Amino acid sequence: MAFTFACPTDVFYNEANVKQIDVPSFSGSFGILPDHVPLLAVLKPGVVTVTEEDGNLKKFVVSSGSITVNDDSSVQILAEEATTVDKLDVQAVREGATKAAQELASASSEEAKAEAQIAVECYEALQKAVE
């Protein structure tokens, strides 16, 4: 199936032929295979796994964005932020998760709590990615 995956700073795939794509979404994580039913979904923070034609797995961490599966089985993922898992700094992820948890615990306004909760969720996804 033709696959396009990009964020504002990178294009990871441009109409590349791939076997499978596994994505995290707010309606649950799911896999996309050729002839998948058309859909539109919202990415949630997590890991996108791409199984390439030769069987190689590539993993990417995404913050948010959209997933589109078209009638012709082509797939587009447009992410707000994305990077390959191998570029993550494990120590920085741990430190960020600790700081985000502290900010959530000390948040005094509803807005600050919401922002801190988003940060906690993003860091949880990053921690799962580097494990």
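Biologist: Which residues does Pro 38 touch, not counting residues up to four places away in sequence?

Modeller: This is a predicted model, in which local features need pLDDT of at least 70, side-chain atom pairs count only at pLDDT 80 or more, and totals for chains, interfaces and linings use all residues. Residues are numbered from 1 along each chain as its sequence is written, and side-chain values use heavy atoms, with hydrogens and water left out. Contact means heavy atoms within 4.5 Å. By that rule, Pro 38 touches Val 69, Asn 70 and Asp 71.

Biologist: Where is Pro 38 placed?

Modeller: Strands (E, at least two residues) and helices (H or I, at least four) are DSSP runs, numbered from the N terminus. Pro 38 lies in the loop between β3 (30-32) and β4 (39-43).

Biologist: Is Ser 25 buried or exposed?

Modeller: Buried means under 20% relative accessible area, exposed means over 50%, and partly exposed is in between (1.4 Å probe, protein chains only). Ser 25 sits in the loop between β2 (10-23) and β3. Because its relative accessible area is 1%, Ser 25 is buried.

Biologist: Which residue has the backbone oxygen that the side chain of Ser 25 reaches at 2.6 Å?

Modeller: A polar contact is a pair of N or O atoms within 3.5 Å; within protein, one must be able to donate a hydrogen and the other to accept it, and residues adjacent in sequence count only if both atoms are side-chain atoms. At 2.6 Å, the backbone oxygen reached by the side chain of Ser 25 belongs to Gly 28.

Biologist: How many salt bridges does a search of the whole structure find?

Modeller: A salt bridge is a side-chain nitrogen of Lys or Arg within 4 Å of a carboxyl oxygen of Asp or Glu. One of them joins Lys 99 and Glu 103 (3.9 Å, N to O), four residues apart in helix α1 (residues 90-106). For the whole structure, the number of salt bridges found is three.

Biologist: Which residue forms a salt bridge with Lys 58?

Modeller: Lys 58 is partly exposed because its relative accessibility is 38%. The N to O distance is 3.6 Å, and the partner is Glu 52.

Biologist: What is the relative accessible area of Glu 110?

Modeller: Glu 110 meets Lys 113 in a salt bridge (3.8 Å, N to O). Being three residues apart in helix α2 (residues 110-130), the two are separated by about one helical turn. Lys 113 is partly exposed, at 35%. Glu 110 is exposed, with a relative accessible area of 59%.
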